[in-house]
Amino acid sequence: MPRLITTHQVNDCNRQLLIGADERGNGNASHYYVIGGFDSNSNLSDPNLDTHGPTTKLSILFQDGPILEAGVNGITHEVLLAILIDRLQGFQLGPYVCRENALALTKLEEAMHWLNARTLLRTQRGVKGTSEV
């Protein structure tokens, strides 16, 4: 991968996890990320352990190009935020409830709000799903 992202490396676990990104493309954004540096062998949530063995990397492919022009070809910011929101909501309902999780959850929900507001405005202007600014 051409670019290595290191902003997450604040503890021993995250220093082991490596994030690579492709060159910036449409919209000056990267669309493909690879996360490595882990082994899912001890992760009981990995549904592929029995059939495919442990996972050692994860790929994330984001939407590349406007949907009306390119079709749905990757995930959106909103999808990734929805996953993070769901995970933190679970922690807040369990033994790991804490102020820091609550603050992070609030900011993620705020980010989702603003992305949805952007989509609504683009819909109202008739440019949603196109490359028109």
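Reader: Is Asn 101 buried or exposed, and what is its relative accessible area?

Author: Burial is read from the relative accessible area, where buried means under 20%, exposed over 50% and partly exposed in between, with a 1.4 Å probe and protein chains only. Asn 101 has a relative accessible area of 16%, so this residue counts as buried. Please keep in mind that this is a predicted model, in which local features need pLDDT of at least 70 and side-chain atom pairs count only at pLDDT 80 or more, while totals for chains, interfaces and linings use all residues. Residues are numbered from 1 along each chain as its sequence is written, and side-chain values use heavy atoms, with hydrogens and water left out.

Reader: In which helix is the place of Asn 101, and which residues does Asn 101 touch beyond four places away in sequence?

Author: Helices (H or I, at least four residues) and strands (E, at least two) are DSSP runs, numbered from the N terminus, and Asn 101 lies in helix α5. Contact means heavy atoms within 4.5 Å; leaving aside residues up to four places away in sequence, Asn 101 touches Leu 88, Phe 91, Gln 92 and Tyr 96.

Reader: How should I read the span of α5, and how many residues does this helix have?

Author: The expected span of a helix is 1.5 Å times one less than its number of residues. Helix α5, residues 99–125, has 27 residues and reaches 39 Å from its first C-alpha to its last, close to the 39 Å expected. Just after α5, Gly 126 takes a positive phi of about 75°.

Reader: Which residues of α5 are buried, and against what do they pack?

Author: An α-helix has 3.6 residues a turn, so residues three or four places apart point the same way. In α5 the buried residues are Asn 101, Leu 105, Leu 108, Met 112, Leu 115 and Arg 122, and the buried residues of α5 pack against α4, residues 77–92. Among the α4 residues that meet α5 are Leu 81, Ile 85 and Leu 88.

Reader: How do the axes of α4 and α5 cross?

Author: Axes are lines fitted to C-alpha atoms, for helices over the stretch in contact, and angles run from 0 to 180 degrees between N-to-C directions. The axes of α4 and α5 come within 9 Å and cross at roughly 155°. Angles under 35 degrees count as roughly parallel, over 145 as roughly antiparallel, 65 to 115 as roughly perpendicular and the rest as oblique; α4 and α5 are therefore roughly antiparallel to each other.

Reader: Turning to the strands, how many bridges join β3 to β4?

Author: Two strands pair if DSSP finds at least two bridges between them. Strands β3 and β4 (residues 57–61) run antiparallel and are joined by 5 bridges, with Tyr 32 standing opposite Leu 61 in β4. Antiparallel β2 and β3 are joined by 4 bridges, and Ala 21 stands opposite Tyr 33 in β3. Strand β1 (residues 3–5) is joined to β2 by 3 bridges, again antiparallel, and Ile 5 has Ile 19 as its bridge partner in β2. Of the 5 residues of β3, 4 are buried.

Reader: What is the phi of Asn 28, and where is this residue found?

Author: Most residues other than glycine have a negative phi. Asn 28, although not a glycine, has a positive phi of about 65°; this residue is found in the loop between β2 (18–21) and β3 (32–36) and is exposed, with a relative accessible area of 55%. Arg 24 is found in the loop between β2 and β3 and, at 46% relative accessibility, counts as partly exposed.
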